Amino acid sequence: MTETAHRTQAQRREQTRTALLDATIDSLVEVGYARTSVQEICARAGVSKGAVQHHFTAKAELMAAAVEHLTTKLRRRLAASLDDLPGGGTGVAAAIDLLWAGYSGTLSTAVTELWVAARTDPELRAAIRPVDRALGRATLEHVTQVAGELPPERAELLFWLTVNLTRGLALDAELGGDPARRRQLLDEWKRIAVLLYQDAVTEPS
């Protein structure tokens with residue numbers, strides 16, 4: 001078999017896998033975890049059940065891979081945006097806006113569906129926990145680089161405070177909370193974070 005044929009087969013496998021992952025995310029967002037069956041995913045992706053079994057050994061593995069697929073795209077986009085940020089307090093406020101954009105929207109909806117289901121599904125919990133941790137570590141690395149002169153431990157503290165706030169705000173959005181209140185809370189946290197940043201970089205060594 002020619003190298004071109006091998007490459008074409010590999011491309012087809014990758015296209016099928018990507019279609020399954022995209023279909024999984026779409027289904028989680030549109031109909032929720034309970035109704036996101038393998039049959040539903042296959043129908044959305046336009047593939048057979050055999051295709052799913054060829055790529056994934058269990059539904060939990062497919063769910064975790066779908067979240068990883070989405071977070072990888074978001075992480076790359078976030079990393080590129082973080083690299084363009086200015087330094088100082090202005091950069092801190094802009095980084096918070098980027099983290100809010102990254103941890104809300106489609107990612108928030110899909111992950112919330114999975115974490116709620118994972119509470120009573122040990123297999124699903126075991127599958128998605130490493131994905132969630134990997135996203136946090138990778139994003140923290142970029143944020144720490146952007147923070148520049150800010151001590152690493154302070155940068156990490158600000159990062160995790162921001163992530164937990166934005167996740168809470170994203171859940172509030174899912175539950176139909178007031179958009180103006182979310183904006184107010186995010187703006188207030190940016191103000192506080194900038195002050196914390198300025199205090200940290202001006203502390204005597």
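A polar contact here is a pair of N or O atoms within 3.5 Å; within protein, one must be able to donate a hydrogen and the other to accept it, and residues adjacent in sequence count only if both atoms are side-chain atoms. The model is predicted, so local features need pLDDT of at least 70 and side-chain atom pairs count only at pLDDT 80 or more, while totals for chains, interfaces and linings use all residues. Residues are numbered from 1 along each chain as its sequence is written, and side-chain values use heavy atoms, with hydrogens and water left out.

**View 1. Two domains side by side.** Domain 1 spans 1–56 and domain 2 spans 58–202, with bounds from an automatic or database domain assignment. Their C-alpha centres are 27 Å apart.

**View 2. The area buried between the domains.** Domain 1 and domain 2 bury about 1500 Å² between them, and 76% of this lies on carbon and sulfur atoms. Buried area is the accessible area (1.4 Å probe) that two parts lose on being put together, summed over both. On the domain 1 side, look for Ile25, Tyr33 and Phe56: they lose the most area to domain 2, together 44% of what that side buries.

**View 3. Polar links across the boundary.** Three residue pairs, both residues at pLDDT 80 or more, are in polar contact between the domains. There is also one salt bridge between domain 1 and domain 2, a term for a side-chain nitrogen of Lys or Arg within 4 Å of a carboxyl oxygen of Asp or Glu. Lysine 73 and aspartate 22 form a salt bridge through their side chains, at 3.9 Å from N to O.
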